[in-house]
Amino acid sequence: MKALSQRRRHPLAAVALLLMGLLITGGLYMAAGSVNEAKAATGYSASDIEEGNKLFVANCATCHGLNAEGSADGPSLIGVGAAAVDFQVGTGRMPMQMQGPQAQAKPVQFDDAQISQLSAYVASLGAGPAIPSEDMLDTSHGNSAAGGTVFRVNCAMCHNAAAAGGALTRGKFAPALAGVSEKHIYEAMITGPQNMPVFNDSNITPDEKRDVITFLKEIESQGSPGGAKLGSLGPVAEGLFIWTAGLGIIIAFTIWLTSRPS
Amino acid sequence: MSTTTEYTPKTSTGRIAHFVDQRVGGSGIVKEFGRKIFPDHWSFMFGEVALYTFVLLLISGTFLTFFFDPSMAHVIYNGSYNPLRGIGMSAAYASTLDISFDVRGGLFMRQVHHWSAILFVAAVSVHMLRVFFTGAFRKPRELNWVVGGVLLILAMAAGFTGYSLPDDLLSGNGLRIIDGVVKSIPLVGTYISLFLFGGEFPGTLIIPRLYSLHIMIVPAIILLMVGIHLFMVVVHKHTQYPGPGRTNDNVVGFPVGPVYAAKAGGFFFIVYGIVAAISGLLTINPVWNYGPYDPSPVSAGTQPDWYIGFVDGALRLMPGMLGNFSFEWNIPFPWGVNTLSLNVLVPALIPAGIMFTIMFAWPWIESWVTKDKREHHLLDRPRNAPFRTGMGVAGVVSYCVMWAAASSDLIATHFHVSLNDVTYWLRVLFILGPILGFVVARRIALSLQRKDREIVLHGRETGVIEMSPEGAFSERHADLDVYKLHTLVNYEDRKVIPAQPNAAGHISRSEKRRGALSKFFFEDRVAPVTPSELAALKAEHGHGPAEIEGSSTESIEK
């Protein structure tokens, strides 16, 4: 200790002190961050649940009931799990803009901390699917070809082979999947939002889910090899194009070629 | 036997031409065809578009045959499209992917082939609509109309067989629907299906079989039909729109050489350029999206190419049950229960059957109703044949309703309406649309005829407003120039021809039916202005307001 106190006036003492302070602050911050991360995947703190409860009562209880027990206007949320909340609130579908055939995506209403608190509260009501970990979403370990096969067998009948979306009955629809985050795609598969069926882990394993996400991200990022893709909607868009623009250009030329009448 | 010195050309080009001419008689051909006159109108050029896109199809198709493998042998894809690498598929699909990703220029040629295919059928259709609405199918061209109709069906057959070749999920689903339709045919359906697919669907034979049809049989018949079609065009000469100096006995226009040779030749490259530009910029049939064919999945947005759309739409419109009445009949026979699937059979075959029957028979139906057996080389303006225009529009509407039904899912998602409601509305329109279309189109045609009459009798509006000494305002009307006048007054005035007794003084039942149809078609008509009518009105107006006098002298001075 004496050696240390003797050198307290050393020219580099201030620098060492500053460095130490920074290291401690940074280390603490890192520790706090990783603690938070761990909580997202496993458990939530009591304060998160309490804050989530407040948010829930203020924003969700009108339809889902004060204790999330459900009402005529909305289903019970007991046992839907954190993943369902993270998907519905995280994509802006909840709180719902209006009752209709299905909840539409709209600008997200809460920040990430609030969504996490809401998830914590709903997760505390009963066991349900948890928010997937980073590892389950890491597309660098996925196989897009295997994912494409799973996608065509399980998803394409509603979402279209190129994930461009499609119609369901009575005004319901399967949305296009471009621009949806890996986490939300995964959560949709395990929770089955709106009219989507649940694809649990025995139906599509977590690895296959990651393959599907890899496939979707790859076809989204590769662009269209053949030029403008006309919405990837299939031959209707192609036929519409040739009958309007295609024949329009042809007719313009025929008129030009015969514009000097006899 | 001639003693004159033989002609010796001075230039080398001349010598080559002379050499060829003496051996094959080229100058005779050029003299005959080079002086052939074609009338000039933009609407006459769709047949050319069809011909040129067909040539494009032959060129691009030949390129594709060099690389396409029409086999359903199982292979593991190992090409450069990553999202399908390592997946098992047929050799046909794998080679289509190779054409798209690993053959230089292959994707462009595939897109040229497919874009020109759907443009080809569209051009054939528009050409037929032009021929129908202008009455160009009348004697002596009835047979050529039939050949044209056969060409339309062949074009659809060529398109569908080609669409199915890549053996992707989308086209496989289309084949599955065809298989279902074939199987719904009573008694023989199942056997026809087993015969077509060489066993149970999908089997391993259908792609090579479709390939033979697509690259050999169908194009060969199309070429033959195109030959007959063009031969008859030359024999009949081209029709022309009515106008001063144009009669049933002449053709007013430009000669093939040099005008049309240049125009048509140039137009080929214009069409080629348009198709190439579209193919370079826009994806068509991205087979890599659909994946290899597998009988279990069907993806959303599965539709056929546009020209098969109306059949798909009819299938989508057909209810399986109407209240408690089921369209699936289970008929007990001594050997067991046989199923008659009217819910598939009726929509798949009846609307198309009715449409093509009326289309092929129309020239004879029309000449039977109008008792018109004369030759016609002058076209009708569509407004001057309100009955035909109405019938044509009714056909177009019913086609378009079925067509729209083939995209009912896209209508639902893009206009944010319920898919069910789209189907219900289209079902209503399928019944009411053609009737409304007929009535509205005929009324519009009659009104346009009345407008023409009005213009002929009172001249065109000049936009000059005059004030009379009494303070009344009126617009000056100017006489039409004679060319315009000729077009507006010279058209065929079809009247009701009541049922006529035959030689024995008996009115046959079919003649009564003809009389009733004639009444239905021609009861409402607008007669063309006659010269005496016009002269009488002129005389009457001669004492009337000064503006008519002033303007008529003006037009005389011109």
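**Exercise 1.** Is A:Ala105 buried, exposed or partly exposed, and why?

*Solution.* The model is predicted, so local features need pLDDT of at least 70 and side-chain atom pairs count only at pLDDT 80 or more, while totals for chains, interfaces and linings use all residues. Residues are numbered from 1 along each chain as its sequence is written, and chains are lettered from A and ligands numbered from 1 in the order in which they are written.

Step 1: take the cut-offs. A residue is buried if 20 or more other C-beta atoms, placed from the backbone, lie within 10 Å of its own, exposed if 12 or fewer, and partly exposed in between.

Step 2: apply them. A:Ala105 counts as partly exposed because it has 13 C-beta neighbours inside 10 Å.

Step 3: A:Ala105 sits in the loop between α5 (81-90) and α6 (112-125) of chain A; helices (H or I, at least four residues) and strands (E, at least two) are DSSP runs, numbered from the N terminus. Beyond its neighbours within four places in sequence, A:Ala105 is in contact (C-beta atoms, placed from the backbone, within 7 Å) with A:Thr91, A:Gly92, A:Arg93 and A:Pro175.

**Exercise 2.** State how strand β9 (residues 460-467) of chain B is exposed and how it pairs.

*Solution.* Step 1: count. Zero of the eight residues of β9(B) are buried, so the strand lies largely in the open.

Step 1: find the partner. β9(B) pairs (at least two DSSP bridges between the strands) with β10 (residues 473-478) of chain B, in the antiparallel sense and over five bridges. B:Ile465 stands opposite B:Glu475 in β10(B).

Step 2: inspect the turn. Five residues separate the strands of this hairpin, and B:Gly471 takes a positive phi near 100° there.

**Exercise 3.** Describe the packing of α6 (residues 142-164) and α9 (residues 206-236) of chain B.

*Solution.* Step 1: read the geometry. The axes of α6(B) and α9(B) are 9 Å apart, at an angle of about 160°; axes are lines fitted to C-alpha atoms over the stretch in contact, and angles run from 0 to 180 degrees between N-to-C directions.

Step 1: classify. α6(B) and α9(B) are therefore roughly antiparallel, the term for angles over 145 degrees.

Step 2: examine the contact. Residues that meet include B:Leu143 and B:Val147 in α6(B), and B:Leu210 and B:His214 in α9(B). By class, this contact has 16 nonpolar, eight polar and no charged residues; Ala, Val, Leu, Ile, Met, Phe, Trp, Tyr, Cys and Pro count as nonpolar, Asp, Glu, Lys and Arg as charged, and the others, Gly among them, as polar.

Key
Two residues are in contact if their C-beta atoms, placed from the backbone, lie within 7 Å. Angles under 35 degrees count as roughly parallel, over 145 as roughly antiparallel, 65 to 115 as roughly perpendicular and the rest as oblique.
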